[in-house]
Each structure stands twice: as C-alpha cells, then as structure tokens.
Amino acid sequence: MKTGPLSLIAAAAALAVTAGLATLTVPDGEEDGGGTAPAASRIAVERSTLLCPQPGDTEVGETTYTSFTPAGEGDEGSAELLPATTESEAAEEDEQNDDKDAEKDSEKDGGKDDAPKPVAPLKRPGTPAAASTEKAGAPALVGTAEGDFAPGWSVQQTTLVTVGDGRGLSGARCTAPDTEFWFAGASTIDERRDYVQLTNPDDEAAVVDLELFDKDGQVESENGDGIQVPAHSSVSVLLSTLAEDPSINVAVHVAARSGRVGAAVHAADEQIGGDWLQPVAEPAPGAVLPGIPGDATSVRLVVYVPGEDDADLAVKLAGPNGSITPAGYESVHAKSGMTTAVDMRKLTQGEVGSLILEPEDGSTAPVVAALQVTRGKDTGQEMAFIPAAAPVEERTTASGNWPKAASLSLTAPGKAVEVRVTASPGSGGGEPAEETYKVKPRSTLAVEPPKTSGTKGTFALTVERVSGGPLYASRTLEQKEDGIPMFTIQTLPDDKGMVEVPDAGQDLGVLAD
C-alpha cells in the first residue's frame, strides 16, 4: 500500500515544527523515483519545551529566571514557565485524589505555597522577561513557547548563594526534555553534595535509570534502577545514595526507560562553592570545551569512554592567537568504561582559552568530557564546570546577563569564523546593540557584550555564525562577594530554531512502499 504524498508531507512537517529536530531524507543508495533527493524547505519551529531544575537544596539564596526569544517577523504566540510539583507534592496529590473533599480543600488552600513567581509571559520577541524568588525549596519549572515565541527560545536560571555549603553563583540553561543525558565531573565524596534533578514535562510518569562510573568502572548499585518521575513533577536524587564507597571524578548516565525528562546535576562543595553540571554534547571521538577563564588557578579534565574501545586524545589549548600543545598535558589515554582525570595547573596563563580534544593514533572511541574550573585562592575559591559543547550551526542565545558581569568566549577549532553578537534591550528597558567579530583559526576570542543604551534589568546575548568554519561558544557570569570570585559558565549550543521539511511539490509516496 502506498501512502499519498500530501499526508506524508503533512506528518513530517508537523513533527519537525513541533520537535525542532526532525528532517526527512532518502536513505543512501535509494532513489526517490525522480533520481534526486526530495527538495526541502526551512521553516521556524512552532513549539518549544524547556525545563528548569529545582534550584538546589540551600536555605539561603536568590534565584533569577530570564526568558528570551530573538526578534523575528511576528509576535503571535506565547512563552511561559509554570511550577512542577515535587515528589512529595505528587504523592500528596495522589492521596487527595482518593478523597474529593480533600481535593476541594487543597484547591481552597491555594496549592503550591512555596512555588516561585513564574517568569512573566513574554510580551514580544526581542525583549526579555525576568522574575526572581528567595523562597527555599522553589520548584522546578516546565516551560512552553508557541508560535513566533518558539524559535530560539531560551531561559537562564541563576542562583546566588552568599553563605554556607555550595555558596556562589549556580547557573543553568534550561534544557529540552530527552531520553538520555551524560555528565562528567560529579562526585560522591563526603565533602560534596551532588544531586541529579529529574523533571518530567508530560502527562504520563517517566521511568529513569541512573548509572555512575568512576576510575574503576561502573559503580555497583540497585538504587538507581527504575526511578519513577510522576507526570509534571520533579525528583531529586543524592548521588552518594547510589554508591557504597565515595568516588571522585564520576560520570553520570541518565536513561529514560519510558517517557522523557530534563536532567541536570548540582554540585555543592564544602570548600570551593557550587554550580550546575550540565549535560555534555552527544559523545563523539573528540570534544571542544570553550571558555576557560584566564585567571583559573586549576583546571581538572574528566573523561569517560562509554564504548568498548579505549580513547587516545591529543590535547590543544586554543587561546587568543592560536592553539598550542600545553606542556605536560600533551595527550590523554582514557580506558573504556572508566573515568580518567587530569589536573592541569596554570593552564591558561592569564588569557581566556578553550580545550580541544582531538582523536589520535586512529582512535574512534566516543568520549564524555567536562572541565572543573577553580578560581581564587585558599578560602576564597570558587568552582564552575564546562561540559563538552555542541557547535553553533546558525544561532544561539545566552539569556540572563547583567551589566559588567557577562562575557562570551567564541572558539574556532578549525577555520576562521565571522560572528555577529546582538545585545537585547534589558528586561526593564533600553536599546539593543550589535557587533561583528572575526575569530582566528584555532583560537578563542573573549568578547565583552556590545554596549547598549539605557539597559535596565537583565538582557540577552544572541550569537550568530555568519560565515567560515565551525563555531563553539560559552558565556561566563561573574560577581565578587566578600573577595570571592563567584562565577558560572554555560556552553551555548545551537538553538535549532529552524528545521527542514519536505517541499510540498515533491511526491514522496515512493518512500512509503
């Protein structure tokens, strides 16, 4: 039976504009009936989903959310963030559902007393919206953008904690739900409290498995199997409860058996502060880790190899004037199924740089990699993390910046690349500004935001690859508190705001034979 071309095109287009990930192609070696691959058109996604994790377990702190969509051709649609329920709230709701009277009483009481005020719905693309909360136990957020607000929608969550364990700036890009995530650089030692936060945006419960790996291989545990994440809810898991013995330099694998979730790991250290570990890019034989601060006092590389073969990696440091092989850290041999850690002291020597890992000796093993970066000295130290990044194919946005606190790192691991950076108006007003930069081959360019006029509140930085080779990017936020250089770094993947769909004039019925 042959499916009509219109129905096939409609189905493919609907999938693409909703998920932002789908394309329809003819497999290699097969003909499409006309001797050429089906024509494709590029259109903007029409719906985006983002998930923001619960802002840690601290009793003291202020969390700010900034939502932004780059300006486009229209302003029809909406973008908003709503609280997810916690695991305990979900259990309580299940009990109340068995008793209608109790359910009515719950509605009269107002529901989530501890929920933060959601980010205000965007009034229009091109201007950010922001909201903040100081409430302990603030929930995870589930966000949806539709219509003209969907293409390139980004949300930044930043928490400032000035005292106690995990003090510092904890920053996270709210991410799309998926079925698999990898993290590197976690820990289960006594001095650390690392949690994985799981958030389910859908109407059905998700079932998730958590696996940990250290220098000796997989950490044996049954506690990470079959974790239930109720619908529209979040679950927090302390990683040390999944390991009998403490481990440092741990890789974390999150895999959904059913459903999909958002995942992030929050690390809090007794001595050097706290921050979010965000997922690494899809495991590949090499990696780019952009935006190591020039004043970093220590840089620890953590590599995990998920495949059956060991990985051999050449190490390059891309600085302002090109790339070098750092003395003493020329290469890394990482064994399959285990984590490998390398401490790199005085790596950047005062200049912002990016670490490039390239396969050598014919190595094809995919790797999971991240950096733990420390700034400051003695009791004034602070840490952040840089995961292996995905490239900026067309455009990306860093939301949640504030004046004199934000900077960008733009890395060209191959050919030179031309980049356009646009600073939006502030959430409280102001005018946009734009600058264009040239990044030299195999180098990293540190960029201060374009100077805007009258900016009030937080603003967004949109990065567009204009021409040239591959581009990788990260954004650093920093703030000094009592002499401590608090900072957080987010890598900036492509926003996938545009997708390819089959041209309506192409008969694709042959693909359904």
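How many bridges join strand 20 to strand 24, and do the two run parallel or antiparallel? Seven bridges join them, and the two strands run antiparallel.

## About the model

This is a predicted model, where local features need pLDDT of at least 70, side-chain atom pairs count only at pLDDT 80 or more, and totals for chains, interfaces and linings use all residues. Residues are numbered from 1 along each chain as its sequence is written, and side-chain values use heavy atoms, with hydrogens and water left out.

Let's look at strand 20, residues 298–304. Strands here are DSSP runs of E with at least two residues, numbered from the N terminus, and two of them pair if DSSP finds at least two bridges between them. Check out Val302: it stands opposite Ala341 in strand 24 and opposite Ala370 in strand 26.

In a regular strand, side chains alternate between the two faces of the sheet. In strand 20, Ser298, Arg300, Val302 and Tyr304 sit on one side, with Val299, Leu301 and Val303 on the other, and all are buried (under 20% relative accessible area, with a 1.4 Å probe and protein chains only).

## The disulfide

There's one disulfide in the structure, meaning a pair of cysteine sulfur atoms within 2.5 Å. Cys52 and Cys174 make it, at 2.0 Å from S to S. Cys52 lies in strand 2 and Cys174 in the loop between strand 9 and strand 10, so the pair ties together parts that are 122 residues apart in sequence. Both cysteines are buried, too.

How values were computed:
Buried means under 20% relative accessible area, exposed over 50%, partly exposed in between (1.4 Å probe, protein chains only). Helices (H or I, at least four residues) and strands (E, at least two) are DSSP runs, numbered from the N terminus.
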